[in-house]
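Look over the sequence and the model before reading on.

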Amino acid sequence: GQVLEISASEASQPPFELEAGISAAWYDPEHDGEGFLLELLADGRAILYWFTYNDEGGQDWYFAAGEVLGRRIVFPELLRVTGGKFGPDYDPTRIVKTAVGSAAFTWNDCDSGFMDWFIDERHDRQELTRLTRILGIDCGTPQMAPESAELRLSGSWFDPSHDGEGFIVQVLSGDHVLVYWFSYDPDGDRRWFYGVGEVREGKLVVDEMLTTSGGIFGPNYNPEQVSGAVWGSLELDIDCDGGTARYESSEQGFGSGELNVIRLSELDGLPCSL
């Protein structure tokens with residue numbers, strides 16, 4: 001028996017829907033030293049790489065394939081990889097991928113959100129803040145795709161003879177490039193190395209690839225316990241069809257070498273081939 005009058009504020013915003021610019025590096029400021037690399041692909045698909053630590057303070061990482069649902073990305077299976085050993089004796093037939101949990105990311109806007117994870121009967125929620133912007137894609141009005149071939153190389157790369165490890169490339173502004181390498185150590189423990197380099201004579205060059213230790217996984221994570229060190233250097237000489245990844249490490253047991261890599265993923269809104 002009542003009449004209700006409802007008016008919408010002009011400041012009201014429509015629900016945020018994910019755009020190509022969500023492809024980026026993200027982290028929780030209270031978990032500085034670990035984070036997430038997200039790639040939005042065509043047809044509402046997505047890839048997650050989570051660089052983190054184990055319960056003893058050593059490095060660890062997970063990856064997953066997911067689906068975009070409005071302003072969320074759902075990853076029903078977080079995968080843990082075992083069986084890899086760094087170097088020329090790497091045997092892809094020994095790689096085992098085990099589902100250990102799930103994760104879901106929800107965005108408030110283009111630069112913030114939160115994620116919920118479930119792993120081995122543990123769960124938590126972490127806040128999300130943007131770390132990077134990949135040149136050529138963003139939220140809002142799409143940018144024109146860059147003309148430079150090097151600026152189209154953002155995405156995932158791997159050597160088929162080393163299936164189970166690989167590189168994630170993000171080409172940033174000012175000819176800078178961020179590279180993460182998800183791999184192992186010579187004893188088979190999961191490791192990751194990262195660095196910010198530059199586009200130099202058509203190659204992606206990172207003079208200092210870094211490694212870390214000290215983080216403890218989960219809600220008791222303390223960023224003050226994380227320490228870093230120089231691991232070595234990396235040079236990616238690649239184009240849309242593939243190329244080489246040359247590395248040289250100063251950490252004992254890793255040495256130097258070369259991998260023949262091909263593209264694994266191509267970001268939505270940033271095709272490599274014109």
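A cavity is a set of points, on a 1 Å grid over the protein atoms alone, where a 1.4 Å probe fits but cannot get out; lining residues have an atom within 4 Å of a point. This is a predicted model, so local features need pLDDT of at least 70, side-chain atom pairs count only at pLDDT 80 or more, and totals for chains, interfaces and linings use all residues. Residues are numbered from 1 along each chain as its sequence is written, and side-chain values use heavy atoms, with hydrogens and water left out.

**Cavity**

- The whole structure was searched, and one cavity of 30 Å³ or more was found.
- The largest cavity holds about 30 Å³ of space; a volume is the space filled by probe spheres set on the points, which are joined across faces, edges and corners.
- Its lining is formed by Lys85, Phe86, Gly87, Tyr90, His162, Glu165, Trp181, Ser183, Tyr247 and Leu259.
- Five of the lining residues are nonpolar, three polar and two charged. Here Ala, Val, Leu, Ile, Met, Phe, Trp, Tyr, Cys and Pro count as nonpolar, Asp, Glu, Lys and Arg as charged, and the others, Gly among them, as polar.

**A buried glutamate**

- Glu39 sits in strand β2 (residues 35-40). Strands (E, at least two residues) are DSSP runs, numbered from the N terminus.
- Glu39 is buried but has no salt bridge. Buried means under 20% relative accessible area, exposed over 50%, and partly exposed in between (1.4 Å probe, protein chains only).
- A salt bridge puts a side-chain nitrogen of Lys or Arg within 4 Å of a carboxyl oxygen of Asp or Glu.
- The nearest side chain of opposite charge to Glu39 is Arg263, 7.4 Å away. Lys and Arg count as positive, Asp and Glu as negative; His and the chain ends are not counted.
- The Glu39 side chain does make a polar contact of 2.5 Å with the side chain of Ser265. Such a contact is a pair of N or O atoms within 3.5 Å; within protein, one must be able to donate a hydrogen and the other to accept it, and residues adjacent in sequence count only if both atoms are side-chain atoms.

**Salt bridges**

- The count is 13 salt bridges.
- Asp111 and Arg133 form one, at 2.6 Å from N to O. Asp111 is in the loop between β6 (96-109) and β7 (112-119), and Arg133 is in the loop between β8 (122-130) and β9 (155-158), 22 residues apart.
- Glu235 and Lys203 form another, at 3.8 Å. Glu235 lies in strand β14 and Lys203 in strand β13, so the pair ties together parts 32 residues apart in sequence.
- Shared partners join Asp111, Arg130, Arg133 and Asp138 into one salt-bridge network.

Definitions and conventions: On a 1 Å grid over the protein atoms alone, a cavity is a set of points where a 1.4 Å probe fits but cannot get out, and a pocket is an open set with protein on both sides within 12 Å along at least five of seven lines; lining residues have an atom within 4 Å of a point. Helices (H or I, at least four residues) and strands (E, at least two) are DSSP runs, numbered from the N terminus.
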